[in-house]
Amino acid sequence: MRCITCVTEKEVLYGKRVLLWLQRILVLYFSLPLSLMLRSLQIGLQSMQVHQQPCHIVYTDYRPTPLQHYFFPSGGNGLYLVVDEKGKFRENSFQKALNALVPPGEGDKKRENGKWQKGLFVGKAGEDSDIFKMVKMIIQRQYDPVICFSFSKRECEFLAMQMAKMDLNNEDEKVNIETIFWSAMDMLSEDDKKLPQVSNMLPLLKRGIGVHHSGLLPILKEVIEILFQEGLIKCLFATETFSIGLNMPAKTVVFTNVRKFDGDKFRWISSGEYIQMSGRAGRRGIDERGICILMVDEKLEPSTAKLMVKGSADSLNSAFHLSYNMLLNQIRSEDGDPVNLLRNSFYQFQVDRAIPDLVKQAKSLEEERDSIILEEEDSLENYYSLLQQFKSLKKDVRDIVLSPKYCLPFLQPGRLVSIQLIKVDDNLPSFSVKDDVTLGVIINFERIKGLSEDDTNKKPEDASYTVDILTRCAVHKDEAGKRTISIVPLKDPGEPAVVSLPISQIDSLSSVRLVIPKDLLPVEARENTLKKVSEVLSRFAKDGLPQLDPEDDMKVQSSSYRKAVRRIEALENLFEKHEIAKSPLIEQKLKLLHTKKQLTAKIKSIKRTMRSSTALAFKDELKARKRVLRRLGYVTSDDVVELKGKVACEISSADELTLTELMFNGVLKDIKVEEMVSLLSCFVWQEKLQDAQKPRDELELLFTQLQDTARRVAKVQLECKVQIDVENFVSSFRPDIMEAVFAWAKGSKFYEIMEITQVFEGSLIRAIRRLEEVLQQLIQAAKSIGETELEAKFEDAVIKIKRDIVFAASLYL
Amino acid sequence: MRGVQLSLNKTQKLRLETALEKLESLSSTTSNNSNASVTVADTIPINYEDGVLKGHGTSEMDGRVVATICGVVERVNKLVYVRALRARYKPEIGDIIVGRVIEVAPKRWRLEINFSQDAVLMLSSMNLPDGIQRRRTAVDELNMRSIFEENDIVCAEVRGFQHDGSLYLQARSQKYRKLDRGQLLRISPYLVKRRKQHFHHLDQYGVDLILGCNGFIWVGEHVEAKDDMVVDQMIKSEQENASLSGSVSSCEQEQSHTSVEIRQHICRLANAVRVLSTLGFMVTVELITELVDLSISHNLNIHEMLGAEFYVIVAEKEAERRSLATKKR
């Protein structure tokens, strides 16, 4: 990066790479003209700010080859044009597509998240799977070449296997493919040519079908890319990686899923991902339009679909984080100031940009608040706070009385209870309720319901109970077919229904019990019961429904209860005397006051965010991390990098702290080279592997040493208030490939080590390549502390692992 | 205090000796690892630990760890190394150094920096005067002498070691530049403490002080470090001014002239450094400015700072200061 006049960076922002590029842009010398191909304007603005240069924005969303978006409902057989090349969304064909969807396993709509995908691709016995039908159709309509995106490596291979019957190439092409394939494979040793991945791939390729994902051997991946570019592969099954960084468009793009697993759940593909992947459709200058097919296997809302297919690129959020290595390198150089780097970070930029908005928000809210003018505000406020107190006391009392301990014996079938109405539509639910309560007309707004109440789960005391209550309900059905039930007053129209309510929703228990019919299933029986309830109600209309007296009937013995009751009485007196209570429109006034209070609270919270964001976003973390470095003796108290810090400076491809500690504790010194390499593999392997077998004892021992060190480092970090999960950190070191790497360092053939472990070939190769990178850094580190023996050992290790297929040169070079 | 040649009278001698004795006694009580100093071929005890890492200045001989240089044994976890005293400068990445150009070679300058070999400053690892980052052309190469010539004093930063062990420097900032109008002092590198800041602008004197980690100390007239952008703007505004008033020349003349006052300040600071280094005290900005103040308060002329009396005063002062510091602790 030294002798350049202009830096051009394309797709500066994608996933993890963002971090790297951003840092690079940040530290670039400022007078450098930058030309960046971006997906977000914000970043351009930021680099402008950092580099103090004007930023010219050239913006386009023009596509030289327009896209058509089709839906392919699973189980159906036909494509439905959903968005045409002019970008119009066709509602009716969207509906048709959804109707053609054959719901697998009817009646059972609640499919579990993890299992939903299985049904689709297996297909019914004897029938072709959907993907097969789809590819056949595409070939018939001459929409090839096609890229089928799926979201896991295994699925990718699985789908390709289903294409076994298909042959998309003629004899000439087959010969061609074979020559290209073998000439590329020539650089591999004889043994490596026998790898199952290599030998299995050729027959597939010859039929014009390819697989491309990160688990492939790098050389295979490159061969497939070349073949695809030459048009010899008609149908390519790829993962998302194929859509990024490679310029390999096809005529058609197929999404085999509409959901993607993102670490913890299956979610819809985001519009950004959709754009990136569908962007591969349509070759400029060859195709008139690109075709993009989405295989849908479940109903989706038009809005979801629209968002996915027609949405804009994902908004960009900073994933910037501080690393110790970065920090040390900054501290080390005289004019490096980590604070400066942070100030220029994109995250900080985003936070800064949000501030004016917040200010505006706060202002408008303040205006709104000030516009609410109340007469006699003081006394009203007084009244309001009294209300609040009263309400909370009432709640306390109810909590005591209705605690399962006391009320369970009284939850017999047939007892009348009053239930709190939860008004969904009311903006200020708590408030209006309170108001009525204070006026002492409880029955007015909380209707006594007929009930058949079973305490269904008679669990021990403290468990929470729900009570089934027969009551008048309004039942709504929304489009999705979900039923929402809301309790309505007795006299309102609605059907009598039994609902489960938590005890807390019961307001009070009455002493009246009704005889209820045994069978409540027929509507009439329930209707009758409700009628009886109204009868009871009218009978007691004069002096209200007799309540269960908490002390006499329910034997509530609690001093806090008595205290609360006494205070309620006192408060009630106060209410009566309060002059404002008599004024008309009290309710509206109180509502206004309530709104005002809410606004004030909102303004407060906004101001708090503003304050915290004006401070440097990463300041606390920076402080904490510096504390860690000091505690571990990497830097002195006046920010001078110590010897340990210098070692950590060299290590950027692995966890610098743990590795440095490991080195300084002499762990790497006494073990054999192979063991050391195998131990270091834990630093570079990140994939989680189920049921990986344990490494042998001596390796296991080393691994525990590593874990101990990691735990110690993590604990120090925790003590210094760096937010870290110790166990998570420790388990981020995976021993899964220790055995394989050990064998590789011993000189085993690649196919031999592939038999030891189940990881994908490509992943293992990448891990070993990274391992070599770490070793190179360790060589530098050893040099800087003057430990020549260790240095020689690392060099030896590099020689041992750097051979054959793992470091086979790229075909592109 | 070896090698201090001072013409002291009897009382001064006595005072100096007591002060130095005091300092010595203080240092032996404060530093608990005084027994850890080794000479060549001394065995360093490792207590039969496993996995000991042998760092710089150590070697293994018949199963024993042996020192290969004179110095102090330092231990970091299981690493054992010897820190040399009174040796040549040992560069570390990120150090600020001051050096003298001894050769202009193809695409590079060679600098003498008191290291065991010459440091190399590549043409490509420094900013061009016009501030533009671009590929260095043959013309640039021919013009190298317009940037630095032989015998120029230059400050730069240690960038790293090449695979062959040669030391490379970089000067990618406005503050790394050719130093002129000042004095260069050479002291033992161990007297310069590594700190976060090595560039100091002493505002009250209008003087820049650069404490190079290699023991080369620069005291010179203050030069405003300018960003390229700012320079451009200034030039523009100056041109505008020039077109208005037409009197730039006087301004330029002033810039090339150092006032007597500043010259005196430079000499005073330089003498302070000389005194400190002869007495073998750490050279820090605080101490230097303290000495300058001390000399002024004693009404000493610049040349009198190098007189015996001042040495004695400084030694006494330092002894007092350190004893206070240890008491506080």
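What share of the contacts in chain B with a separation of 6 or more comes from residues 24 or more positions apart? In this predicted model, such residues account for 64% of those contacts.

**Chain B: composition and confidence**

- The secondary structure of chain B comes to 8 helices and 17 strands, and of its 329 residues 45% count as buried.
- The average pLDDT of chain B is 79, with 82% of the residues scoring at least 70.
- Over residues 227–233 of chain B the pLDDT is below 50, although this stretch still has 9 contacts in the model beyond near neighbours in sequence.
- Residues 242–253 of chain B likewise have a pLDDT below 50, and for this stretch the model shows 2 contacts beyond near neighbours in sequence.
- Where pLDDT is low, the predicted coordinates should not be read in detail.

**Chain B: loop residues**

- Most residues other than glycine have a negative phi, and the next two points concern residues that depart from this pattern.
- B:Ala41, in the loop between strand 1 (37–38) and strand 2 (43–44) of chain B, has a positive phi near 80°; its relative accessibility is 51%, and because exposed means over 50%, B:Ala41 counts as exposed.
- B:Arg181, in the loop between strand 13 (178–179) and strand 14 (182–186) of chain B, also has a positive phi, near 55°, and with a relative accessible area of 35% B:Arg181 is partly exposed.
- B:Gly280 is placed in the loop between helix 6 (260–279) and helix 7 (285–297) of chain B, where a relative accessible area of 37% makes B:Gly280 partly exposed.
- Although B:Gly280 and B:Ile187 are 93 residues apart along the chain, their C-alpha atoms are separated by 9.5 Å.

- Helix 9 of chain A (residues 196–206) has as its buried residues A:Gln197, A:Val198, A:Met201, A:Leu202, A:Leu204 and A:Leu205.
- An α-helix has 3.6 residues a turn, so residues three or four places apart point the same way.
- The cover over the buried residues of helix 9 of chain A includes helix 6 (153–162), helix 7 (171–185), helix 8 (190–193), strand 6 (209–212), helix 10 (218–229) and helix 32 of chain A.
- Just after helix 9 of chain A comes A:Gly208, which takes a positive phi of about 90°.

**Chain A: helix 24 against helix 32**

- Helix 32 of chain A (residues 761–785), which is among the elements covering helix 9, also packs with helix 24 of chain A (residues 643–650) at an angle of about 160°, their axes being 8 Å apart.
- Because angles over 145 degrees count as roughly antiparallel, helix 24 of chain A is roughly antiparallel to helix 32 of chain A, and the crossing of the two helices is right-handed.
- On the side of helix 24 of chain A the contact is made by A:Leu643, A:Val647 and A:Glu650, and on the side of helix 32 of chain A by A:Gln777, A:Gln780, A:Ala781, A:Ser784 and A:Ile785.
- Sorted by class, the residues in this contact between helix 24 and helix 32 of chain A are 4 nonpolar, 3 polar and 1 charged.

Conventions: Residues are numbered from 1 along each chain as its sequence is written. Chains are lettered from A and ligands numbered from 1 in the order in which they are written. This is a predicted model: local features need pLDDT of at least 70, side-chain atom pairs count only at pLDDT 80 or more; totals for chains, interfaces and linings use all residues. Side-chain values use heavy atoms; hydrogens and water are left out. Helices (H or I, at least four residues) and strands (E, at least two) are DSSP runs, numbered from the N terminus. Buried means under 20% relative accessible area, exposed over 50%, partly exposed in between (1.4 Å probe, protein chains only). Axes are lines fitted to C-alpha atoms, for helices over the stretch in contact, and angles run from 0 to 180 degrees between N-to-C directions. Angles under 35 degrees count as roughly parallel, over 145 as roughly antiparallel, 65 to 115 as roughly perpendicular and the rest as oblique. A crossing is left-handed if the near helix is turned anticlockwise from the far one by less than a right angle, and right-handed if clockwise. Contact means heavy atoms within 4.5 Å. Ala, Val, Leu, Ile, Met, Phe, Trp, Tyr, Cys and Pro count as nonpolar, Asp, Glu, Lys and Arg as charged, and the others, Gly among them, as polar. pLDDT is the predictor's confidence in each residue, from 0 to 100.
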